Amino acid sequence: MNRPWRAVCGLLLCLWLSGCADTRYYAQSVGGHLKLMAAARPLDDWLLDTQTPDALRQRLRLAQALRDFSVRELNLPDNASYRRFADLQRPYVVWNVVAAPVLSLELKTWCVPVAGCVGYRGYFDEGDAQALASELRAQGLETQVYGVPAYSTLGWMNWLGGDPLLNTFVTLPDGELARLMFHELAHQVLFVADDTPFNESFATAVERLGGEAWLASQASPQARQAFAVYDQRRQEFRALTRSTRERLAQIYKKNGAPDHDAKGLIAMKSEVFEDFRARYVALKQSWGGYAGYDSWVAQANNASFGAQAAYDELVPAFEALFAREARNWPRFFAAVQALAELPADQRRAQLQALETAIRQAQALPN
């Protein structure tokens with residue numbers, strides 16, 4: 001569950017321009033990213049350094065192979081990104097804050113230079129993120145703060161060394177490392193201002209399709225088996241959260257209707273959340289007690305459900321588009337670029353129509 005930031009040069013521009021609001025926030029963004037870049041060293045330096053632990057050396061070699069695969073087989077950008085490594089001495093690179101009303105899944109948005117408006121606000125210091133979350137809760141919003149292992153500068157920082165590999169994600173299991181790298185590189189292929197679901201669903205589709213290709217042709221049998229178990233759990237959990245999100249959306253549609261007061265809607269909402277947690281307990285039991293989603297479930301609220309929607313809402317449509325383009329990566333990217341040039345409502349309508357057509361075709365008897 002991975003989240004892109006626009007290039008630091010845009011933030012520097014904002015600081016320079018008079019009248020830019022919240023300069024403290026932009027200053028921490030710039031300062032945090034520049035510290036990250038300063039900590040990064042070329043991979044060859046780490047690989048040749050006798051002080052580099054063998055375990056880390058192996059992960060960096062795998063990352064090199066994944067990076068080469070991304071260029072050779074997926075047509076992802078061949079540039080400076082992920083050719084360096086930095087150990088940040090912390091578990092996450094940034095912490096994101098998301099917020100939503102009590103009776104809505106629509107995320108509060110913040111507008112930033114170049115990227116437009118996005119449904120999260122990121123901080124390099126967890127304390128700053130928690131402070132903002134407290135302010136938003138005091139305003140009556142539901143909030144969540146979550147750690148982010150990686151973000152993308154969309155290729156704008158390649159002149160400065162590119163987005164580096166980080167200790168926050170390089171130790172992920174093989175299949176997950178592949179997917180994360182492919183996801184972040186996809187943001188360098190295409191990014192549309194003010195359309196987080198389009199951007200994130202596209203990148204998620206690339207990570208899934210690209211990860212599938214890498215696992216099939218490059219991974220060890222052990223890595224494929226481990227990923228299959230992990231991904232099966234993830235898909236089952238996402239199916240549960242998706243159905244819960246749909247139920248909540250139906251309830252929230254009634255907000256403001258004459259025959260539904262807020263108190264009654266909140267009671268209905270509570271029932272849905274209780275059922276969600278009960279169904280999760282049953283799902284967890286079927287996994288043999290795997291507890292990887294416990295923290296998410298314990299903190300689940302409108303903000304967390306709203307944030308998750310951006311990452312999977314349009315994925316089936318992008319996968320259908322990939323199939324339509326004969327699973328050819330350059331053709332697929334060109335088709336996505338053509339969609340990106342349309343007004344938001346038109347590109348959404350075309351994607352949804354494509355997904356519907358594919359589903360109808362799959363439902364036809366042989």
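Reader: Why is helix 6 called roughly perpendicular to helix 8?

Author: The axes of helix 6 and helix 8 (residues 221-252) cross at roughly 65°. Roughly perpendicular covers 65 to 115 degrees (under 35 is roughly parallel, over 145 roughly antiparallel, the rest oblique), so helix 6 counts as roughly perpendicular to helix 8. The axes come within 8 Å; they are lines fitted to C-alpha atoms over the stretch in contact, with angles from 0 to 180 degrees between N-to-C directions. The model is predicted: local features need pLDDT of at least 70, side-chain atom pairs count only at pLDDT 80 or more, and totals for chains, interfaces and linings use all residues. Residues are numbered from 1 along each chain as its sequence is written, and side-chain values use heavy atoms, with hydrogens and water left out.

Reader: Which residues of helix 6 and helix 8 meet?

Author: On the helix 6 side they are Asp174, Gly175, Glu176 and Arg179, and on the helix 8 side Ala223, Phe227, Tyr230, Asp231 and Arg234. Contact here means heavy atoms within 4.5 Å. By class, this contact of helix 6 with helix 8 has three nonpolar, one polar and five charged residues.

Reader: What makes the pair Cys111 and Cys117 a disulfide?

Author: The S to S distance between Cys111 and Cys117 is 1.8 Å, and a disulfide is a pair of cysteine sulfur atoms within 2.5 Å. The structure holds one disulfide. The torsion about its S-S bond is about 80°, so the disulfide is right-handed.

Reader: Why do Cys111 and Cys117 count as partly exposed?

Author: Cys111 has 48% relative accessibility and Cys117 has 27%. Partly exposed lies between buried (under 20%) and exposed (over 50%), with a 1.4 Å probe and protein chains only, so both Cys111 and Cys117 are partly exposed.

Reader: Is Lys269 buried or exposed?

Author: Lys269 lies in helix 9 (residues 262-286). At 8% relative accessibility, it falls under the limit and therefore counts as buried. Apart from neighbours within four places in sequence, Lys269 is in contact with Val102, Glu142, Leu248, Ile251, Tyr252 and Asn302.

Reader: What makes Leu342 partly exposed?

Author: Its relative accessibility is 24%, so Leu342 counts as partly exposed. Leu342 sits in the loop between helix 13 (329-340) and helix 14 (344-363). Leaving aside neighbours within four places in sequence, Leu342 touches Arg347 and Gln350.

Reader: What is the phi of Leu154, and what is the phi of Ala326?

Author: Phi of Leu154 is near 60°, a positive value in a residue other than glycine. For Ala326, too, phi is near 60°. Leu154 is found in the loop between strand 7 (142-148) and strand 8 (165-166), and Ala326 in the loop between helix 12 (315-324) and helix 13.

Reader: Why is Leu154 called buried and Ala326 exposed?

Author: Leu154 has a relative accessible area of 7%, so it is buried. Ala326 has 51%, so it is exposed.

Key. Helices (H or I, at least four residues) and strands (E, at least two) are DSSP runs, numbered from the N terminus. Ala, Val, Leu, Ile, Met, Phe, Trp, Tyr, Cys and Pro count as nonpolar, Asp, Glu, Lys and Arg as charged, and the others, Gly among them, as polar.
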